Amino acid sequence: MSAPLLTIADVAVELPTPRGNLRAVDHVDLSLEAGRTLGIVGESGCGKTMLSRAILQLLPKKAKLSGRVMFDGQDLVRLAPESLRRLRARDLAVVFQDPMTSLNPVLTIGTQLMETIQEHLELDAPAARKRSIELLAAVGIPAPEQRLAQYPHQCSGGMRQRIAIAIALSCEPKLLIADEPTTALDVTIQAQILDLLAREQRRRHMAMIIITHDLGVVAGRADEVAVMYAGRVVERAPTQALFKRMHMPYTEALLAAIPKLETAPHTPLPAISGRPPDPTRPLKGCSFAQRCRYAAGRCHEAKPELKSAEMPGHLYACFHPIQMAEGIGA
Amino acid sequence: MVAFVARRFLYVVPVLLAVSLLTFLIASLLPGDLAYVILGDQATPEKVAALRHDMGLDQPIWWRYLSWLGHVLQGDLGRSFRTGQTVLQAVSERIPVSLELMLMAEFIGLLIGIPLAIACAARAGGAFDRFMTGGAFAMLSMPSFLLAILLIYLFAVELRWLPATGYVPFTEEPLANLRFFVLPALTLALAEWPGIMRVLRSDMIATLQEDYIALAKAKGLKPSRILFVHALKPSSLTLVTVTGINIGRLLGGTLIVESIFALPGIGRLLVGAIYTRDLVILQGVVLLVACGFVIVNFIVDMLYAVLDPRIRHGHA
């Protein structure tokens, strides 16, 4: 295998708050090869969005970022602003969660697409316009020429997310980060948008990071999954291996919290009880111990390291891993 | 868009009617009978009664309002009983002065306020931002007569660059006319820019937190394009409102500045009318100024629609 396209090493993000420093991302290591898909999964507030912003160098001004984000041979954290700007859209693109707020309400769709293309590719206005129309058509927007003159509020949510994807794809990036790309959309649209992303990824041989709270979203689509909890990666494995044998009780709980079609009506959803720990107060033990049904003495005393399971590429951070020997259970 | 303009215009009609009624009531309810004012202390009751009858003052107030409104709608706002000038003549003589002063003052104010607001918002909380926010506050609390005197002292007395007082019409000597307007316009502008800056700065800071600004950065656009194209337009709605109010206010003339710099504008016409109890002029000028205010605000509403397509399409 060649050198990975993206290597995140020891990345930590701290946000100053009135109650003290909040550790949003707690020393995360990840890597992703060209053309592959990584799913980052975790509940709200686990740091997955902050991690994506740290990769994109779009953290809030007050946030403190440490560690290295090696992308295509360069450390994005230490890259000069102008070099970083030139690399955006061409190499590194993003689709945000909420298409209702991520498009500028006072600029036409055509402007928002063409400005990206003209900034990074040496195309004149007619060529950029032609490319915009092709992109809109590629993401499944009917009558793309008419859409160019319209404003975002004249399009539906699903349509807007398609436009956001067209903008992200406009300069053929090597890596696309999709931050909860379907959370703000109707369930019926979600699968369409995910399939669109997967199709365009294959076609353009682009690497992709899908960030989601829904293990179901990454199940058939990611090559590898990283589960985050309280700012840390607590389990990381090739997708198939993870779904076959998850070791981290938190991953199991996340999976159990997905509503299933075959469940009888009015069955209570097995939500994860309790809340994530206060990120402004570092814990001594495992951050999930408070909510974990397997937790015992040591879990409250020491922090489990992320270590290798018997399968290659499968890492987990737990003292009492489930499904170690007996195969599929629980 | 046509429907939008028509709808907005329908709101203007009742506002103008209310303005005319209020103007009429203020002038009518002022103490002192107009007939006595005209005839003086020596008037006999018979003479007063005759004049009251001639002027229609013995009619009920609603009748007087309707007949005045009828004349106004035909373009007849009345005639000063002191100078014999019609209201329209008096106003059309003075309005170019107030209009020129207003335009210059607003232009300078925006020229100072907008770039400063953008510079502050781009680095909110930084040293420059804190310095300018404090400076704006200091300027805001300085009365205009003090500013006027300081400017006269500096530019007219010490440096002798500009005339302190006086006026020639633009049509006679354009350059001299502009020179006369620099100091009064600057006096007004120095009071205008802090408001402009503060309003735009805070809107701009809020806009820069938006997702679409993060996306604009993620798209690798130049910082200047993000500030001027992506952030300025959606941040300028309050700015337009404030500018509209300022313009409306300055349309009515600026008493203190016009007096200090000896400019024959609307402000001095109004004050003169009050001193001489020239109610016809007073009533007419107030009505015209109020109409100007309403029209400026109508234009502001139109500008909203230009700036924000959601308003244009009736979504917000």
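A word on conventions. This is a predicted model, in which local features need pLDDT of at least 70 and side-chain atom pairs count only at pLDDT 80 or more, whereas totals for chains, interfaces and linings use all residues. Residues are numbered from 1 along each chain as its sequence is written, and chains are lettered from A and ligands numbered from 1 in the order in which they are written. Helices (H or I, at least four residues) and strands (E, at least two) are DSSP runs, numbered from the N terminus.

Let me stay with chain B. In α1(B), the residues B:S20, B:T23 and B:F24 are buried; a residue is buried if 20 or more other C-beta atoms, placed from the backbone, lie within 10 Å of its own. The cover over the buried residues of α1(B) includes α4 (61–73) and α14 (279–307) of chain B.

Helix α7 (residues 144–158) of chain B has 15 residues and reaches 20 Å from its first C-alpha to its last, close to the 21 Å expected. A kink of about 30 degrees is centred on B:I152, the bend at a residue being the angle between axes fitted to the seven residues ending there and the seven starting there. B:I152 is also one of the buried residues of α7(B), along with B:L147, B:A148 and B:L151. Among the elements covering them are α8 (174–208) and α12 (255–260) of chain B. After α7(B) comes B:R160, with a positive phi near 55 degrees.

I turn to chain A, which has eleven helices and twelve strands. For its 330 residues, a compact globule would have a radius of gyration near 20 Å, and chain A has 21 Å, which agrees. That radius is taken over C-alpha atoms, and the globule rule is 2.2 Å times the number of residues to the power 0.38. Buried residues make up 43% of chain A.

Chain A contains an open sheet of four strands in the order β2-β1-β4-β5, with antiparallel pairing; two strands pair if DSSP finds at least two bridges between them. Its edge strands are β2 (20–32) and β5 (74–75), each pairing on one side only. Within the sheet, seven bridges join β1 (residues 6–17) to β4 (residues 64–71), and A:I8 stands opposite A:V69 in β4(A).

Most residues other than glycine have a negative phi. A:A89, however, has a positive phi near 70 degrees, and A:E180 has one near 45 degrees. A:A89 is found in the loop between α2 and β6 (92–95) of chain A, and is buried because 25 other C-beta atoms lie within 10 Å. A:E180 lies in the loop between β7 (175–179) and α8 (187–204) of chain A, and is buried because 21 other C-beta atoms lie within 10 Å.

Finally, where the chains meet, the contact takes 23 residues from chain A and 19 residues from chain B; two residues are in contact if their C-beta atoms, placed from the backbone, lie within 7 Å. On the side of chain A that touches chain B, α4(A) gives the most, with four residues.

Notes
A residue is buried if 20 or more other C-beta atoms lie within 10 Å of its own, exposed if 12 or fewer, and partly exposed in between; C-beta atoms are placed from the backbone. The expected span of a helix is 1.5 Å times one less than its number of residues.
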